[in-house]
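Please keep the sequence and the model open side by side.

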Amino acid sequence: MKRHHRLCLCVLIFFGLLFATPLFAEPVTEERIRAEVIAPYSLGEKTETEGVWELLNGSGARGGYVIESEWIKPLPGFAGAPINLIILLDLDGIIIDVKILNHNEPIFVSGLGEAPFRAFIEQYRGHSINSAITVGSGYGKQSSSGSLIYFDGVTKATASVRVAHESILSSAREVAKTMLNGFSMVQEKVSLKGDEGKEFTWDELVAQGLAKHVTATHGEVRALFSDTQWRSDDPFPEAADDELFVDLWIVDVTHPHVARSVMGARMLRDWESFNRIAPDDETILLIEQGVHGLIDDEFVRNTAPPLITANQDKFPLSIRDADLLIDLKQGVPDDGTAIVVRLDRRQGFSPVRAWDLGLIATRQRGILKPEIGEVKLSWSYQADKQFFSIEKPVQPPTPFEAAVFSRMTDLMILAGLLTLICLVVLFNRKFVHMKSWPYQRTALLIAVLGFIGWWGQGQLSIVTPLAALVAAVSGKPLDFLLYDPFSLLIWLVVIVSFFIVGRALFCGWLCPFGALQELVAKVAKALSIPQLKISDKLDSRLKSVKYIALLVLVAVAFFIPRQLDTAVEVEPFKTAISVFFVREWYFAAYALLCLLVSLVVFKGYCRYLCPLGALMAIGGFLRLSKWIKRREDCGSPCQLCKVRCDYQAIKKTGEISYAECFGCLDCVDIYEDKTQCVPLILQEKGKLKGSIHARNAAQPIHFKPQPQA
Ligand code: SF4
Ligand code: SF4
């Protein structure tokens, strides 16, 4: 069997073994969820929302909810698949616990292991989902400041933990909005201003808008019932359409200036003691003079009045009777029904933003088993800001902002290094003239390996484009790309560079594993280790293997995504760069093998197997110009550059095969060097003897490639 056939077979066997393993992780069963909910809590009934169960407390009462994040917010993780977490949330919006159900994050599947991931999510325990929480980078500690709470990130896994962070908070907040009665997101912190002993007359309260008058006529109520089966069950058939059904005053009496203006002495005393017990409650006086009447027969004091509702930002608020006996001051309308209701500001209610007060109008059909029909009348109300101090809430930075701020120094150094390398590649002809050029290149490779690779964790991987492709095809968000700005910056520069130098900028300069292989090859040369000669024919066939590897990975990503984290192990990057060989022995052995191959076959992994390199070569087709200078003599007759190109990226014709060119600039160095480039040498000789052109015209030169003197 030919050698390249053998290599193809090895690749196919690798993926064949991969496919032979169980294809999908077990789906999460209810039993699994139940097992994750530990005493004193237990799993209750499944709710109508998929992925949400009731959480029962020790006494069996509903104490919150159990949320499976994949159902609520399936944010793609670093490997494309969502990180599935279970979140235990109590009725006040406090996270009781978070646990990992399953995930495909490569760095946690194998590499760092799950322990740091578990330690990260433990930080959420006891925190409100209303808290302003941001995740540090793990590249240096940050302490919580003011109302902003910093959680420690995980070094080498910053993107994955940020995806987990978003999954936890956005899933819990989504469920809280719809299922925690009275819960809404805090917009601002509102506290009462001090009592200056002021008092207003009723007319002044009305004139200042502190007492708001709202109405609804019988005609309006009839219109609301007109399309229902209760259209002819009007309990007030004689009332004219323009007669008032609701004649309501709404007064926010939370501030003493207003309370003192409307309450009699006894009621004011009760209200003051109520305020001492519940200082965060907003108290609203409602006086209804129409026929609605505010309460019904089922009303129980100190509970939620069945006929009154409140909403803010489209979310229901918990409204309760404040249990105050009504004793209004003279001049205040007292002809009808009055009640003081309470709204809790701690649950996110803000009195200084518009909220809706609703009254339910009911009708009934039948006598023995009456069918009740309801319509809702509602009015917008807002307390006067003069009585409140308003503190804007601390907004946590977006995940992208947090990621950028936490790695600002690294990003600045990276920007400097990228600029330098881009300048070298763009102005390559100037740089190769420098005597120190070989040392400069080696120094840059070491900087890339050390800073971008080992320190900065900026080794690009085929995992990212695969995850982005799968997310884009399935219509999922691509936000996860923003969670690692260090790699994102490199990706952006590399994509732009495709148009100018093809794959060369990344593969020749910015890939830490590529740099590591090149450094190994330099050691081999220094030690005079003999190099394996790969014939042009075999070389060109072996080069196609990396495209097969890429194709197989794309297929795995789409058809068996749960195997992707195993399949991408064809890249030794995680082992050699992310975790510096501290892994299971077989991963470390594979990465070492790739490096050992480099001792005898120059950058063998890069040239023949790397799926990311294949993708870079495909991206390189966007290249707009032939950026490496060639002479007419290149290829015919001179073959020096071809012979010297370690990547075998120069054709016999002298043409550059840009898909395989890593931009090492060795051929540019030869091209510019009067002591190496054969036509230049001859030109120099010709100058000595006269015009080389005249000589060439008279006697064409034939020469063979010459080893360097
Ligand atoms: S071929 Fe692969 S390992 Fe080599 S430099 Fe390119 S991306 Fe890096
Ligand atoms: S020597 Fe080969 S790989 Fe290096 S720049 Fe020239 S063609 Fe590209």
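In which loop does P40 lie? P40 sits in the loop between α2 (30-36) and β1 (42-46). The model is predicted. Most residues other than glycine have a negative phi, and most peptide bonds are trans.

**Cis peptide bonds**

- The bond from A39 to P40 is cis, and its omega is near 10°.
- P637 belongs to the loop between α25 (611-619) and α26 (640-644).

- D323 is not a glycine, yet its phi is positive, near 55°.
- The loop that holds D323 runs between β14 (319-321) and β15 (337-344).
- K603 is not a glycine either, and its phi is positive at about 45°.
- K603 is in the loop between α23 (585-600) and α24 (604-608).

- Is D323 buried, partly exposed or exposed? D323 is partly exposed, because 13 other C-beta atoms lie within 10 Å.
- K603 has 24 C-beta neighbours inside 10 Å. The cut-off for buried is 20 or more, so K603 counts as buried.

Key: Residues are numbered from 1 along each chain as its sequence is written. Chains are lettered from A and ligands numbered from 1 in the order in which they are written. This is a predicted model: local features need pLDDT of at least 70, side-chain atom pairs count only at pLDDT 80 or more; totals for chains, interfaces and linings use all residues. Helices (H or I, at least four residues) and strands (E, at least two) are DSSP runs, numbered from the N terminus. A residue is buried if 20 or more other C-beta atoms lie within 10 Å of its own, exposed if 12 or fewer, and partly exposed in between; C-beta atoms are placed from the backbone.
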